[in-house]
Amino acid sequence: MHIGVVSIFPEMIDCIAAYGVVGRAIESGRVRLSSSDPRNHAKDAHRTVDDRPYGGGPGMVMKFEPLAAAVRELRAGLPAGAKVICLSPQGRVFGQADASRLADSPGFVLVAGRYEGIDERLIDSEVDEELSLGDFVLSGGELAAMAVIDAVTRLLPGVLGDADSARQDSFMDGLLDHPHYTRPETVEGRRTPPVLLSGDHAKIMRWRQKQALGRSFERRPDLLEKLELSAEQRELLDEYLKESI
Ligand code: 9WO
């Protein structure tokens, strides 16, 4: 998969290429990451990529031409129809379904803005969709772009080990994760739940599913509303709630 990123700080994106799951995916050739800096497409000696907003107001706006040239440079290296996605608070909130959709694509271009915003005509002309990580404002789109790259790369076949991949699948069942524990068994008087020390894998799996259901109910009821719980899941959730009283 080929992912392109438009950013005036391409070195930021390089950070994720050196570590962990994404780093290994790039090393193995499973993912190719490229970037284009709009400054390299600016026509003036000062490599200007921003200007004052029409209509007045604070800050600067990113200019159309350098951004468009950077997008077009990256899109030329991608299969026809590759999506161009702008990371912005104005976008639809990114979710696991978007990560899956993008993981099934041949590649895409991410546009990471800076300053106060991007000239709207760039969005109209080059951008297929705007995605947000949530209702907050960052200093730029780069951190959001890196999050999208990580979430998508993890879903590519062969990138995660079998165990992680299986866990990823179960997590993608739409529930929150279960709690995790590791040695020592007791730390500062806090014990590991005995079921996890029992060696009874059926009981452990049942406990983990119950915890995932209970946590989802308590912390993210909106997730549960989207699910059709099975009779067994409903029973587990009821059991969790009874134990929580
Ligand atoms: C800035 C802004 C400030 C107040 C209300 C809305 C706003 N939108 C933007 C904006 O789109 N800014 C551009 C991209 C350029 C400045 C830095 N950018 C940015 C992207 N800030 N925050 C994000 C972002 C991206 C994805 N998910 C959450 C936030």
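User: Why is glutamate 129 called buried?

Analyst: Glutamate 129 has 15% relative accessibility, and buried means under 20% relative accessible area, exposed over 50%, partly exposed in between (1.4 Å probe, protein chains only), so glutamate 129 counts as buried. Before we go on: this is a predicted model, where local features need pLDDT of at least 70 and side-chain atom pairs count only at pLDDT 80 or more, while totals for chains, interfaces and linings use all residues. Numbering runs from 1 along each chain as its sequence is written, and side-chain values use heavy atoms, with hydrogens and water left out.

User: What makes arginine 101 and glutamate 129 a salt bridge?

Analyst: The term asks for a side-chain nitrogen of Lys or Arg within 4 Å of a carboxyl oxygen of Asp or Glu. Here the N to O distance is 2.9 Å, so the pair qualifies. Arginine 101 sits in helix H4 (residues 96-103) and glutamate 129 in strand S7 (residues 129-132), 28 residues apart. Helices (H or I, at least four residues) and strands (E, at least two) are DSSP runs numbered from the N terminus.

User: How do you know that lysine 210 is buried, and what does it pair with?

Analyst: Lysine 210 has 6% relative accessibility, so it counts as buried. Its salt-bridge partner is glutamate 239, with the closest N and O atoms 2.7 Å apart. Glutamate 239 lies in helix H10 (residues 231-244) and lysine 210 in helix H8 (residues 201-219), so the bridge ties together parts 29 residues apart in sequence. Glutamate 239 itself, at 24%, is partly exposed. Both belong to a salt-bridge network that also includes Arg206, Glu235 and Glu243.

User: Why are aspartate 222 and arginine 220 called partly exposed?

Analyst: Aspartate 222 has a relative accessible area of 30% and arginine 220 has 35%, so each is partly exposed. Their side chains also meet in a salt bridge, at 2.7 Å from N to O.
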